[in-house]
Amino acid sequence: MADDITAYFLGLTYTKTDELNIEFTKVGKRQSDIVLKCTTEKGDIAVHLEFQSDNDDKMPYRMLRYSLEIMEKYNLTPYQLVIYMGKNDLRMENKLDYNLGEENILDYRYKIIDVGTIKFLDITKTDYYDLYALLPIMDRERRKTEGEKYLKECVEAIKNIPIDINKKKDITFKAEILSGLVYSREVIERVFTEVMEMLRIEESEAYKMILEKGAKEKSLRIAKELLKEGMDINKIAKITELSIEEIKKLMN
């Protein structure tokens, strides 16, 4: 997801040259989320992405320590982004500053994004498909109002992405994990069980056959295969466009 996050949220034109595995020894041996060495029009920089699921009033101190570690260890200027994915509104500062005179000044800032303020349509009208995994935790007000209905719309958007089926499954899996930050287990299971089943069908040779134009015999052969897999006859009827009676005859 790092490439799409860096391009969409930071608006950087860059070439990623390396992934820096930095352990921040001065922050309790805590490993950074993502630090990338990137070449931009302003030279080499370190893009530091930090994911946060709750409000932490100590975040500015942590980020400043991270920044110093990056500069000290790699001699790179850090471009830092905190991606807040919490259920509640953002309440964290993105700065540290003081001014005690000409030789005692601190003016430190970093970028912070509240994913919950990003609108569903802001992402679905783009081709940053990796960001679709974040849809369930976006659009906070709409999400709170519509609940499960909103999550179903997110899953439907992922299902319709025009990409390779394996990549689509990967994005769906990430979206399901992130949904756990804001939805109950029962709602997540209801919504994602059906879509994962549909993605498995898309992956099967039987489903690929139905996409081809052909005679009714093809639909009958596909229905037989789906019956062997134990699929419900109503779903088979929907996929093959055969009648329930025709499918029941195949069962005999």
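This is a predicted model: local features need pLDDT of at least 70, side-chain atom pairs count only at pLDDT 80 or more; totals for chains, interfaces and linings use all residues.
Residues are numbered from 1 along each chain as its sequence is written, and side-chain values use heavy atoms, with hydrogens and water left out. Local features need pLDDT of at least 70 and side-chain atom pairs count only at pLDDT 80 or more, while totals for chains, interfaces and linings use all residues.

**Overall make-up**

The protein chain holds eleven helices and nine strands. These are DSSP runs numbered from the N terminus: helices are H or I with at least four residues, strands are E with at least two. Of the 252 residues, 43% are buried. Buried means under 20% relative accessible area, exposed means over 50%, and partly exposed lies in between (1.4 Å probe, protein chains only). A contact means heavy atoms within 4.5 Å. Among contacts with a separation of 6 or more, 56% join residues 24 or more positions apart.

**Nonpolar cores**

In soluble globular proteins, nonpolar side chains tend to be buried together. A nonpolar core here is a set of buried Ala, Val, Leu, Ile, Met, Phe, Trp, Tyr and Cys residues joined through side-chain atoms within 4.5 Å. The largest has 47 residues. L81, Y132, L134, L135, M138 and F192 have the most contacts inside it. Elements that give two or more residues to this core include strands β4 (34-40), β5 (43-52) and β6 (77-84), along with helices α5 (148-159) and α6 (165-179). Helix α7 (185-203) is also among them; α7 gives the most, with seven residues.

Y132 is in contact with I123, T124, T126, A157, I158, I161 and I171, leaving aside neighbours within four places in sequence. A second, separate core has eleven residues, including M63, L64, V82 and Y108. L64 lies in helix α2 (residues 59-74). Not counting residues up to four places away, L64 touches L96, L106 and Y108. L64 and Q80 are 16 residues apart in sequence, and their C-alpha atoms are 9.7 Å apart in space.

**Helix packing**

Two packed helices are described by the angle between their axes and the distance between the axes. Axes are lines fitted to C-alpha atoms, for helices over the stretch in contact, and angles run from 0 to 180 degrees between N-to-C directions.

| Helix pair | Crossing angle | Axis distance |
|---|---|---|
| α9 (residues 216-228) and α10 | about 150 degrees | 10 Å |
| α10 (residues 233-240) and α11 (residues 244-251) | roughly 115 degrees | within 9 Å |

The α9 and α10 angle makes the two helices roughly antiparallel, a label for angles over 145 degrees. The contact is made by S219, I222, A223, L226 and L227 of α9 and I233, I236, I239 and T240 of α10. By class, this contact has seven nonpolar, two polar and no charged residues. Nonpolar covers Ala, Val, Leu, Ile, Met, Phe, Trp, Tyr, Cys and Pro; charged covers Asp, Glu, Lys and Arg; the others, Gly among them, are polar.

On the α11 side, I233, N234, I236, A237 and T240 of α10 meet I244, I247, K248 and M251 of α11. That contact divides into six nonpolar, two polar and one charged.

**Positive phi**

Most residues other than glycine have a negative phi. D139, not a glycine, has a positive phi of about 50 degrees. D139 lies in the loop between α3 and α4 (140-146) and is buried, with a relative accessible area of 6%. E241, also not a glycine, has a positive phi of about 65 degrees. E241 lies in the loop between α10 and α11 and counts as exposed, at 71% relative accessibility.

Notes
Angles under 35 degrees count as roughly parallel, over 145 as roughly antiparallel, 65 to 115 as roughly perpendicular and the rest as oblique.
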